Amino acid sequence: MKEKLSVFIITYNEERILDKCLNKLSWADEIIVVDSGSTDATLEICKKYQVKLFHKDFEGFGTQKQFALEQTTHNWVLSIDADEILTDELIAEIQDVLASGTANNGYYLKRKHVFLGKVFEYGPESKEYILRFFKKNMGKFDGKKVHENVVLEGPSDKLKNDFLHFTTRSLDNYIEKLSNYASIFSEGKYLKNKQYGIGYIFIKVTFEFFKKYFLELNFLNGQEGFYWSYLAAYYMGIKYMKTNEQYKQVKKQLMF
């Protein structure tokens, strides 16, 4: 007998891609959306579809997704971000697993990178496998505030086809996102009394660009590949600079 599937998504001002994302999930038995206070058209888009909508103040990606997972009611679950779209080929693979049964407790799905409208055919971002499809009682999210992961018990496998990840709508939007991620990173590091010297930052930033653009073949992704590599190096730098600034501010407060 075919297993039922719950899909869960966390949202905050996700009107850009959400409609297409949900449209591709209409075959699922249940869709859970956990919103953290959207002020754009996100909630109106959700109401177009048969989703179960919840609100939770945002405390970090791992915590938010674990809460969304706990709202699901079926044995198999699928975690999708609001800026991701399943391909028809991947949907067919997932449905086949649900229909035919499996000894695995979870599956890694291949995410293909889309940046400024360009589908990247080269680089590790388009070959990355992420655990997204699993049995509810066999997986849970770690507590990371950003770059969270599912911790799975038991055997797992990979599915062949991919889904699309639309990383940003504009350069301004992406730079803002990187700044927010860097702030989360720096918060954790300065609490551990971490500081970084200028030489260390320079070497890390320079190597990050070289690695992204040349070693990971992003030069073959055209202009967007250059932008992506440059911004990866930029993100590396602001993570360390923000950590240093946090450290200075805390030390100054302790002096008074």
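This is a predicted model: local features need pLDDT of at least 70, side-chain atom pairs count only at pLDDT 80 or more; totals for chains, interfaces and linings use all residues.
Residues are numbered from 1 along each chain as its sequence is written. Local features need pLDDT of at least 70 and side-chain atom pairs count only at pLDDT 80 or more, while totals for chains, interfaces and linings use all residues, and side-chain values use heavy atoms, without hydrogens and water.

**Cores**

A nonpolar core is a set of buried Ala, Val, Leu, Ile, Met, Phe, Trp, Tyr and Cys residues joined through side-chain atoms within 4.5 Å. Buried means under 20% relative accessible area, exposed over 50%, and partly exposed in between, with a 1.4 Å probe and protein chains only. The largest core has 30 residues. Leu22, Leu78 and Phe133 have the most contacts inside it. Helix H4 (88–100) gives the most to this core, with five residues. Helices are DSSP runs (H or I) of at least four residues and strands are runs (E) of at least two, numbered from the N terminus. A second, separate core has twelve residues, including Ile32, Val34, Ala68 and Phe141.

Leu78 touches Phe8, Ile94, Leu109 and Phe133, among others, not counting residues up to four places away in sequence. Contact means heavy atoms within 4.5 Å.

**Helix H3**

Helix H3 spans residues 61–70. Its buried residues include Gln64, Ala68 and Leu69. The buried residues of H3 pack against strands E1 (5–11), E2 (30–35), E4 (76–79), E8 (128–135) and E9 (139–141).

**Aromatic pairs**

The whole structure holds 23 aromatic pairs. Rings of Phe, Tyr and Trp (its six-membered ring) pair if their centres lie within 6.5 Å; planes under 30 degrees apart count as stacked, over 60 as edge-to-face and the rest as tilted. Two edge-to-face pairs follow.

| Pair | Centre to centre | Angle between planes |
|---|---|---|
| Tyr200 and Tyr240 | 5.5 Å | 70° |
| Tyr213 and Phe226 | 5.7 Å | 85° |

Tyr200 lies in helix H6 (198–215) and Tyr240 in helix H7 (222–254), so their pair ties together parts 40 residues apart in sequence. Tyr200 is partly exposed at 39%, whereas Tyr240 is buried at 6%. Tyr213 in H6 and Phe226 in H7 are 13 residues apart. Tyr213 is buried at 17%; Phe226 is partly exposed at 36%. Ring pairs also link Tyr213 and Phe226 into a cluster that includes Phe209, Phe210 and Tyr230.

**Surface**

Among the residues of a nonpolar surface patch are Tyr122, Phe207 and Phe210. Tyr122 sits in the loop between strand E7 (118–119) and E8. Tyr122 is partly exposed, at 37% relative accessibility.

Methods:
Patches are made of residues with over 30% relative accessible area and no salt bridge: like charges are joined within 9 Å, nonpolar side chains (Val, Leu, Ile, Met, Phe, Trp, Tyr) within 5 Å. Accessible areas come from the Shrake-Rupley method with a 1.4 Å probe; for residues, only the protein chains shown count as cover. A salt bridge is a side-chain nitrogen of Lys or Arg within 4 Å of a carboxyl oxygen of Asp or Glu.
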